[in-house]
Structure formats: structure tokens, C-alpha cells
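Please find below a colleague's note on this model.

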Amino acid sequence: MSFLEYAPAPESTAILNLKSDYGLFIDGEFVPGHGKSFATISPATEKHIATIANANAADVDTAVRAARKAYDSTWSKLSGADRGKYLFRIARLVQERGRELAVAESLDNGKPIKESRDVDIPLVAAWFFYYAGWADKLDYAGLGAAPRALGVAAQVIPWNFPLLMLAWKIAPALAAGNTVVLKPAETTPLSALLFAEILQQAELPKGVVNILTGAGDTGQALVQHPDVNKVAFTGSTAVGRAIAKSVAGTGKKLTLELGGKAANIVFDDAPIDQAIEGIVNGIFFNQGHVCCAGSRLLVQENVHEEVVDRLKQRLSTLRLGDPLDKNTDIGAINSREQLDRIRELSDIGEAEGAERWTADCAIPENGFWFAPTIFDNVSTSSRIAREEIFGPVLSVLTFRTPAEAIAKANNTPYGLSAGIWSDKGSKILAVADELRAGVIWANTFNRFDPASPFGGYKESGYGREGGRHGLAAYLTTASLHDSVVETKAVAQ
């Protein structure tokens with residue numbers, strides 16, 4: 001080990017008390033699934049972690065019926081204050097078991113332990129605390145007269161932030177008075193199953209939250225179930241489009257949080273030191289497995305060379321390796337399938353003429369890994385500038401004027417997020433006003449708060465999660481409810 005080099009500092013897995021097999025969580029209990037079970041593995045080592053039950057259509061029906069029964073007999077009859085008590089209890093248990101949840105998340109997902117420990121888990125607790133406070137204040141949320149729950153919510157979440165996306169979905173749904181059937185991603189079910197144990201520990205009434213593990217067929221059966229009132233999906237645009245088609249005309253309320261190709265715009269008057277850190281956080285946080293990642297860097301021409309050179313210097317200091325090591329900056333890619341896609345699009349970018357630079361990293365022999373990569377002189381028509389790579393790959397483009405920056409930033413089918421770097425507030429506000437993005441950060445990137453709504457435009461989906469707006473997705477009003485009932489009656 002050379003001078004100032006970090007020694008290994010692995011987080012122990014001894015805190016985990018994992019089972020060898022996990023069933024489906026239905027009606028407050030773990031039960032066997034009727035589909036073919038599958039294994040969840042560590043993407044860093046490809047080693048087996050646990051065997052996971054696979055829910056088929058019959059299991060989905062059982063879970064939805066349990067959620068409906070809990071809604072009719074228990075959850076909808078509780079006062080908002082009593083629902084809030086359960087959410088507060090869940091939030092505190094998440095905090096108490098935070099280290100355990102962080103280790104499980106990094107083990108199953110591949111993200112660095114310092115991110116799951118310092119970002120994901122604290123935000124999970126914050127989401128439950130925040131919506132616990134809203135549970136008895138729905139009448140004062142400004143969401144219409146006599147707001148009421150929708151009923152049973154079907155929720156499908158992705159693999160990039162398994163536990164955080166679970167909190168984004170479950171917390172507002174329960175605060176609004178709905179019951180839930182949630183399906184985690186096939187490659188990252190572990191933290192959701194540990195969360196089911198927390199629900200048992202919190203003594204949440206049976207059937208209020210049900211968790212079904214499985215692949216795409218499980219999710220499809222869930223969103224298409226006739227007794228579901230609300231569908232919330234976070235994932236790819238292609239799957240979101242298919243879900244929108246399947247629920248059209250059914251009266252189900254729908255929220256979609258889909259892909260993105262965010263522009264991170266750096267003007268020549270930006271605080272460069274701060275911007276470099278923001279660029280790194282914007283695209284290399286969580287290995288680039290972030291729907292709102294700043295994967296397109298738009299730099300003003302006269303500072304382009306300086307920004308790229310300093311960015312390369314910064315990336316050369318990042319440490320790639322064991323996700324459970326507290327010194328690791330870049331963890332493992334979540335799956336072989338995702339690694340293959342990142343490699344394919346990176347090769348295409350090079351073939352299309354972009355200049356490729358990759359940080360000098362020692363790649364472990366086992367697992368799924370991709371070193372931080374920059375593509376410079378990227379054309380706006382290049383596939384790496386238009387398609388979501390969902391990995392640690394940054395495309396660099398230049399601009400001369402604010403108008404050109406705005407045009408290039410908006411030249412995408414997506415509209416989820418953007419970043420602006422400048423020391424002039426007037427310039428930031430003027431540019432932000434022209435960007436077609438749901439979330440815009442000023443002199444920072446990838447900052448989240450439960451009180452702030454999150455969502456996009458165009459192919460990035462519709463609806464908002466977080467804040468007061470996140471409650472609206474799980475509520476209806478008396479007049480709207482009557483209208484939906486009439487529509488269903490006519491359709492029948």
C-alpha cells in the first residue's frame with residue numbers, strides 16, 4: 001500500500017440474519033409462492049444470497065384480496081392520527097435497523113455502503129416521518145373537498161433504489177388511507193423482504209401492505225388485476241408505456257416515473273470546484289443507476305477544456321470495488337444484463353466518433369463492473385446523447401449561448417431533470433424557466449427531500465411523488481369519485 005492509499009475497511013455482514021429462503025408477504029405472513037423460485041445474488045461477487053419465492057397470477061389475486069379486505073375492514077376505518085402512528089413506528093424501526101438495511105441493500109444491489117448508509121436509509125426514514133405527519137391533515141392539503149383514499153394500490157418499483165423507491169410508494173399510499181400490494185424488482189428483493197419484517201415488528205394490521213416477489217409476469221398480473229384502484233410504476237419508459245395502455249379505460253389512477261436523459265449545464269461563470277463535484281455526483285452516484293442522472297454534460301465552449309481536464313483528474317481519484325468497503329466510491333453494476341447494455345451503448349458511442357476516456361481502475365475478477373467513462377465531443381444525434389445508458393457513462397457536449405444550451409437540453413424525448421451551474425441567480429432562473437424538466441437543480445445535483453415533489457414530462461412519465469403532490473396521487477374527492485363510479489357503470 002502506497003502513501004495516503006486507503007486500506008480496506010469492509011462493513012461486516014454479521015449484522016444480517018438472512019434466511020436461506022424467502023416467501024411472499026401476504027396478509028401479514030410469509031407464505032410460499034406458486035411460481036418457480038429464483039435466486040438473488042450479489043452483483044459484486046455473483047455469489048448466492050437467498051432463494052426467493054415467485055408469485056404467479058393466483059398469488060397476485062390472493063394478495064389483492066387480502067389488501068381489499070384490510071382496506072374495507074380495518075385501514076379505511078382508522079383515523080388519520082392512528083394511521084400516522086403506524087407510519088411513525090415504521091420510520092423509527094427503519095432508523096433502528098438502519099445499519100442492517102444498509103448492508104442488505106449494498107449486498108443485493110451493488111451500491112457503495114456509504115451511499116446506502118448515508119443517503120438511502122436516512123431518506124427512507126425521512127419519507128415515512130414526513131407522510132406520518134400528513135396522515136391526519138388531508139382535509140387541509142388543498143387537494144379538494146372531502147379527500148378520500150382510492151382503495152388498493154398496486155406498486156411496482158425498480159432495482160436502482162429498492163428500499164427508497166418502496167418508501168416513495170408505500171408512505172404516501174398508507175398516509176392517504178390506501179392498502180398496498182407492492183412488487184420489488186427481481187434482482188433486488190432483499191430489502192423489501194426485510195421491510196416486511198419491520199411491518200410485522202410495527203404490528204401493522206394484516207393485509208395493509210403485501211409484498212410479492214417475481215419477474216415481469218408478476219408485475220403484469222398485478223397492474224391488470226380488476227380489483228386494483230391505483231397503479232404506481234417506476235422503471236423503463238417501454239414498460240411504462242405498456243402499463244399505460246393496459247390500464248386505459250379501466251378507471252385506475254396511474255402514476256409513472258420513467259427514464260431520463262438529464263442535461264447538466266455548466267456556464268463559464270459557474271463555481272468550477274463546486275461544479276466538478278456536482279457533475280461527479282450527478283452521473284457517478286449509484287454507478288449512474290439513477291433515472292434523473294446528469295448523463296449529458298453541456299459545457300460553455302470557453303471553459304470546456306478546463307472542465308473536462310479537471311473532471312478527468314477527479315475521476316482518477318474515485319475508488320471502484322467492494323460495495324461493502326466504506327472507502328468505495330463506485331460499486332458494482334446491478335446485473336449482467338445491465339452491464340451488457342452499458343458496454344453496447346459505449347461501443348456505439350465510440351463507433352459514432354465520440355472521444356472515449358475511461359478512468360484507470362482495477363476491475364475485480366468476479367462480479368459486474370464498469371469503470372467511470374467520459375465521452376467528449378459528442379454529437380446531439382449520437383445514441384449516447386439520446387438513449388438512457390443507466391450506467392457510469394457521461395456524454396459531454398458544448399454550447400456558446402444560453403439559447404443554444406436550452407435548445408440542446410430540451411432536445412430529448414425525456415423531461416425528468418436538469419442542472420444549472422452559474423453564479424448569477426438571474427441567469428439560473430431565466431434558463432430554468434425554459435427547460436422542459438420536472439426537477440431542476442441550481443448549483444447542485446441529485447438532492448432529494450420528502451417535502452419536494454419529483455416527476456417528469458414527456459417520456460419521463462406523469463404524476464408526482466413526494467410532497468403534498470405525492471398525496472394527490474393516492475386520493476380522490478367526493479365529486480371525482482362519483483364521476484368514476486358513473487363511468488364504470490356506463491362501461492359495464
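The numbered points below begin with the basis of the model and then turn to the helix pair and the loops.

1. The model is predicted, with local features requiring pLDDT of at least 70 and side-chain atom pairs counting only at pLDDT 80 or more, while totals for chains, interfaces and linings use all residues. Residues are numbered from 1 along each chain as its sequence is written, and side-chain values use heavy atoms, with hydrogens and water left out.

2. Helix α1 (residues 57-73) packs with helix α7 (residues 216-223) at an angle of about 45 degrees, the axes being 9 Å apart. That angle makes α1 oblique to α7 (angles under 35 degrees count as roughly parallel, over 145 as roughly antiparallel, 65 to 115 as roughly perpendicular, and the rest as oblique). The crossing of α1 and α7 is right-handed.

3. In this contact (heavy atoms within 4.5 Å), α1 contributes A57, V60 and V64, and α7 contributes T218, A221 and L222. By class, the contact of α1 with α7 holds five nonpolar residues, one polar residue and no charged residues.

4. A146, which is not a glycine, has a positive phi of about 45 degrees; A146 is placed in the loop between α4 (113-134) and β6 (148-149).

5. E203, likewise a residue other than glycine, has a positive phi near 60 degrees and lies in the loop between α6 (190-201) and β9 (209-211). With a relative accessible area of 59%, E203 is exposed (exposed means over 50%, buried under 20%, and partly exposed in between, with a 1.4 Å probe and protein chains only).

Definitions and conventions. Axes fitted to C-alpha atoms, helices over the stretch in contact; angles between N-to-C directions. Helix = DSSP H or I, 4+ residues; strand = E, 2+ residues; numbered from the N terminus. Left-handed = near helix turned anticlockwise from the far one by under 90°. Nonpolar A, V, L, I, M, F, W, Y, C, P; charged D, E, K, R; others polar.
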